[in-house]
Each structure stands twice: as structure tokens, then as C-alpha cells.
Amino acid sequence: MTRRALPQPAREDIRVEAVLQALGEPVRLQIIRALADAPDGIACGEIELPVTASTRAHHLRILREAGVLTTHTEGTRRISSLRRDDLDALYPGLLSGILTARR
């Protein structure tokens with residue numbers, strides 16, 4: 001099966017301003033919490049969200065373009081996972097703090 005990564009910033013191009021802006025939306029926080037529990041990634045449609053498919057795709061794109069997650073295709077499926085290593089290297093404690101914050 002062919003895997004193809006979707007466009008995303010390189011580690012050195014991830015900016016804290018973009019990350020914080022991307023995470024400043026409740027649905028996107030819900031997405032990263034789901035991905036935090038799935039180190040191998042989750043197919044985009046399997047993440048339980050209270051939004052339409054097109055809105056889900058929009059939120060996932062914003063997170064990917066900010067460098068928060070990575071997405072690749074496997075056949076017709078898009079699999080997303082957190083860029084935990086990149087974010088922890090650039091901004092130590094940021095992701096852990098967000099994931100453990102009170103909801």
C-alpha cells in the first residue's frame with residue numbers, strides 16, 4: 001500500500017504562534033486529545049467530533065499546517081498522528097501541559 005504524506009512544515013519551520021492559534025479552538029483540542037491516545041495515528045473519520053465531515057477536514061488541515069499533527073494517506077484513508085517529538089523538542093512541556101489541562 002502506498003503511503004503519501006500531506007504537506008506540512010518541517011520541524012524548524014514550526015512556529016509557536018501558529019501552534020497556539022491552532023490549539024485555541026475546542027474542536028481542535030478534542031482532536032489532539034484523541035490523537036494523544038493513539039501513537040500510531042487514527043483515520044480522520046474515526047475521531048468522534050460534533051462537526052460535519054468538511055468542518056472536520058478544515059480543523060485537521062489547520063492543525064497539520066501549524067505543525068501540530070502529521071497526516072498521510074493509506075489507500076483512501078487519511079491517518080493523522082501528533083507530532084509529539086517535534087513539538088516536545090521545540091517547545092518542551094507545551095503539549096503535555098495542554099493535554100493535562102482541565103477541560
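Ile62 is partly exposed, with a relative accessible area of 23%, where buried means under 20% relative accessible area, exposed over 50% and partly exposed in between, computed with a 1.4 Å probe and protein chains only. The residue lies in helix 3; helices (H or I, at least four residues) and strands (E, at least two) are DSSP runs numbered from the N terminus. Leaving aside neighbours within four places in sequence, Ile62 is in contact with Ala22 and Arg28, contact being defined as heavy atoms within 4.5 Å. The C-alpha atoms of Ile62 and Gly24, which are 38 residues apart along the chain, are separated by 11 Å.

The structure is a predicted model, in which local features need pLDDT of at least 70 and side-chain atom pairs count only at pLDDT 80 or more, whereas totals for chains, interfaces and linings use all residues. Residues are numbered from 1 along each chain as its sequence is written, and side-chain values use heavy atoms, with hydrogens and water left out.

The chain contains 5 helices and 4 strands, and their order along the sequence is β-α-α-β-α-β-β-α-α. For 103 residues, a compact globule would have a radius of gyration near 13 Å, and the value of 13 Å found for the chain agrees with this; the radius is taken over C-alpha atoms, and the globule rule is 2.2 Å times the number of residues to the power 0.38. Along the principal axes, the C-alpha atoms fill a box of roughly 35 × 30 × 20 Å. Of the 103 residues, 41% are buried, and among contacts between residues at least 6 apart in sequence, 68% join residues at least 24 apart. The accessible surface comes to about 6,100 Å², of which 50% belongs to carbon and sulfur atoms; such areas come from the Shrake-Rupley method with a 1.4 Å probe, and for residues only the protein chains shown count as cover.

In helix 1 (residues 16-23), Val19, Ala22 and Leu23 are buried. These residues cover an arc of only 95° around the axis, which puts them on the same side of helix 1, the arc being that of the directions from the helix axis to the C-beta atoms. On the other side of helix 1, Glu17 and Gln21 are exposed. The buried residues of helix 1 pack against helix 2 (26-36), helix 3 (53-66), helix 4 (84-90) and helix 5 (94-100). Leu20, which is also placed in helix 1, counts as partly exposed at 44% relative accessibility, and its C-alpha atom is separated by 9.5 Å from that of Leu94, 74 residues apart along the chain.

Leu99, located in helix 5, counts as buried at 18% relative accessibility. Not counting residues up to four places away in sequence, Leu99 touches Ile32, Arg33, Ala36 and Arg84. The C-alpha atoms of Leu99 and Gln30, 69 residues apart along the chain, are separated by 9.7 Å.

Pro39, by contrast, is placed in the loop between helix 2 and strand 2 (42-43) and counts as exposed at 72% relative accessibility. Pro39 and Leu95 are 56 residues apart in sequence and 14 Å apart in space, C-alpha to C-alpha.
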